[in-house]
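Please look over the sequence and the model before reading on.

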Amino acid sequence: MASHDTLLEFDYESSERATVVAESVAREIGEIDDERSRTTIERDGSVVTIRIDAEDVIALRAAVNTWFSLVDVAERTAEIGVAARHDR
């Protein structure tokens, strides 16, 4: 399928934070994918890797934008959770 692909790597301060982000966005695997793009996600220690394979550059760009947005939301939500625990 893929004639275009990219690998996104996100390195976190801890494996716990990487786990939270990876598990949060992994729920979207299969939900966002369509006939033009496929995504996989892996976590190795504190690094989360997202691989996107797409039929064309337009589908690749759309998928990259989507996954960056999802990771951003997961990161911000994790920060809010940490701050809330410290405020108790």
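The points below are grouped by topic, from the overall layout to a single residue.

The structure is a predicted model. Its protein chain contains two helices and three strands, and from the N terminus on these elements follow the order β-α-β-β-α.

**Overall dimensions and surface**

- The C-alpha trace of the protein chain spans about 50 × 20 × 15 Å along its principal axes.
- The protein chain has 88 residues, of which 31% count as buried.
- Among contacts between residues at least 6 apart in sequence, 68% join residues at least 24 apart.

**Strand pairing**

- Strand S3 pairs with S1 in the antiparallel sense over eight bridges.
- Within this pairing of S1 and S3, Asp 5 stands opposite Asp 53 in S3.
- Strand S2, made up of residues 37-44, also pairs with S3 in the antiparallel sense, over eight bridges.
- Ser 37 has Ala 54 as its bridge partner in S3, while Asp 44 has Val 47 as its bridge partner there.
- S2 and S3 form a hairpin with two residues between them. Gly 45, which lies in the turn, has a positive phi of about 65°.
- Six of the eight residues of S3 are buried, so this strand is largely enclosed by the rest of the structure.

**The largest nonpolar core**

- The largest nonpolar core has 19 residues, and those that touch the most other members are Phe 10, Tyr 12, Val 48, Ile 50, Ile 52, Trp 67 and Val 71.
- At least two residues of this core come from each of strand S1 (4-11), helix H1 (15-26), strand S3 (47-54) and helix H2 (57-86).
- H2 gives the most to this core, with seven residues.
- Leaving aside neighbours within four places in sequence, Val 71 is in contact with Phe 10, Tyr 12, Val 21, Val 25 and Ile 50.

- Ile 50 has its place in strand S3, and it is among the core residues that touch the most other members.
- The relative accessible area of Ile 50 is 0%, so this residue counts as buried, the cut-off being under 20%.
- Not counting residues up to four places away in sequence, Ile 50 touches Thr 6, Leu 7, Leu 8, Phe 10, Thr 39, Thr 40, Ile 41, Trp 67 and Val 71.
- Ile 32 is 18 residues from Ile 50 along the chain, and the C-alpha atoms of the two are separated by 13 Å.

Methods:
Residues numbered from 1 in each chain as written. Predicted model: local features only at pLDDT ≥ 70, side-chain atom pairs only at ≥ 80, totals over all residues. Heavy atoms only, no water. Core = buried A, V, L, I, M, F, W, Y, C linked by side-chain atoms within 4.5 Å. Buried < 20%, exposed > 50% of the residue type's maximum accessible area, 1.4 Å probe, protein only. Helix = DSSP H or I, 4+ residues; strand = E, 2+ residues; numbered from the N terminus. Contact = heavy atoms within 4.5 Å. Pairing = 2+ DSSP bridges.
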